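Here is a short briefing to read alongside the model. Please take a look at the fold before going on to the notes.

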Amino acid sequence: MVESDQFIIIIIGLVFLLSLPLLVFLAKTVQNITPYLYMNARLKAKEGRLITKAQFEDMVSAHSLSEISSLLEGTPYGSEMQGIMINDAEALEEVIKKHRDTLYGEIMGMMPEKVRDAFSYLNREIEANTLKVILRDIHGQLAADHETQELVSTSEFHEETLKRMYESRSIAELLPLLEGTTYESLMEKLPAYEQTKKLNVIESAVDTIVLTEIWKIISSRDDLTLIHDYFATRIDLMNLKVLLRAKRDRLGWEEIENFLLPQGTLFQKAKASYGEEEDVRGLINSLEGTPFYSPLMEIFPEYEKTSSLVPLEKAVDEFLLSMGLDISVKHPFGVGPLMGFLSLKEAEMRNVRTIAVAKEAQLGQDAIRSLMVSI
């Protein structure tokens with residue numbers, strides 16, 4: 001009887017020892033998943049309120065922007081439309097920006113602290129967009145009434161700084177106010193702006209600053225592989241849009257280098273081979289062996305018919321959306337749902353913007369549908 005008891009104890013001990021690695025694995029898995037449970041549940045609810053295909057079709061079929069705005073009132077965009085007259089696409093763009101800023105702020109508040117710095121670009125984009133609005137007003141010589149603006153302080157721009165920025169009468173007067181902030185290097189772009197009077201020289205630099213700061217954070221972390229790969233692709237695709245446009249317009253490398261981001265995988269490849277490619281087809285052929293080659297080559301005949309980059313840029317946007325959704329499906333318990341939701345939301349906002357601009361340009365329904373990203 002004693003020997004039998006000892007045998008049972010030995011068996012139990014062996015089972016425990018053999019199961020210990022599994023138990024440790026399960027404990028770590030639960031520990032990693034738990035911080036995301038609340039956020040992912042909230043995101044799932046928000047995903048259920050995304051604009052549906054049927055709603056988009058109603059918007060495409062609408063006869064005016066006012067009708068589109070009425071359709072949007074029953075969506076999450078409705079809360080930002082109170083007291084705003086939607087008479088043109090620009091007014092609707094302001095609604096989209098307010099909605100995005102509110103949403104991103106909410107998501108940052110529910111995000112686990114351990115990945116918050118990696119997604120701080122959401123707050124950075126709000127900040128950068130505020131700066132771009134001021135730059136555009138000054139560039140367009142529009143009188144900005146800072147008392148009517150929502151002066152929302154950020155980590156870089158305090159209320160008093162924002163007031164002085166809004167009151168600036170020129171780009172040369174505004175840029176020195178950025179000294180001591182992340183954006184102080186924009187002063188280096190002033191000579192180029194004053195020579196060309198093209199604001200994209202500065203706006204592109206703003207985007208570069210934001211993404212470079214976030215890339216430093218992501219690339220320094222070994223536990224952010226998924227986010228690292230996604231952002232590397234995002235940067236590659238931003239560069240790819242610039243390269244496609246440059247090849248169509250037959251611009252030289254020296255004319256576009258400052259508009260490209262040095263991170264990702266395409267920059268060095270483009271730097272080495274850009275001069276060897278004669279046109280858009282040559283640029284796409286140079287991408288053979290990358291995941292971008294097939295989607296662009298499939299849609300290339302449409303570009304050949306019209307010389308419009310829209311089909312190619314749409315394919316680029318759909319590639320990033322597909323990647324975000326793929327991550328969400330394959331990694332449903334951690335950061336995956338966040339990346340999937342953000343990809344869907346960006347595609348949704350792009351489509352709303354596209355419909356508004358196309359309606360204002362009086363494009364037909366089939367033409368509008370061809371411009372929209374498939375969600």
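This is a predicted model: local features need pLDDT of at least 70, side-chain atom pairs count only at pLDDT 80 or more; totals for chains, interfaces and linings use all residues.

Residues are numbered from 1 along each chain as its sequence is written, and side-chain values use heavy atoms, with hydrogens and water left out.

**Overall make-up**
- The chain holds 18 helices and zero strands, taken as DSSP runs numbered from the N terminus (helices H or I, at least four residues; strands E, at least two).
- Of its 375 residues, 45% count as buried (under 20% relative accessible area, 1.4 Å probe, protein chains only).

**Helix α11**
- Helix α11 covers residues 225-248 and reaches 34 Å from first to last C-alpha, close to the 34 Å expected at 1.5 Å a residue (1.5 Å times one less than the number of residues).
- Just after α11, Arg250 takes a positive phi of about 55°.

**Cavities**
- There are two cavities of 30 Å³ or more, each a set of points on a 1 Å grid over the protein atoms alone where a 1.4 Å probe fits but cannot get out; lining residues have an atom within 4 Å of a point.
- The largest cavity has a volume of about 80 Å³, and α13 gives the most to its lining, with four residues.
- The second largest cavity, of about 30 Å³, is lined by residues including Leu237, Phe292 and Phe319.
- For the second largest cavity, α16 provides the largest share of the lining, three residues.

Note on methods:
Buried means under 20% relative accessible area, exposed over 50%, partly exposed in between (1.4 Å probe, protein chains only). On a 1 Å grid over the protein atoms alone, a cavity is a set of points where a 1.4 Å probe fits but cannot get out, and a pocket is an open set with protein on both sides within 12 Å along at least five of seven lines; lining residues have an atom within 4 Å of a point. Grid points are joined across faces, edges and corners, and a volume is the space filled by probe spheres set on the points.
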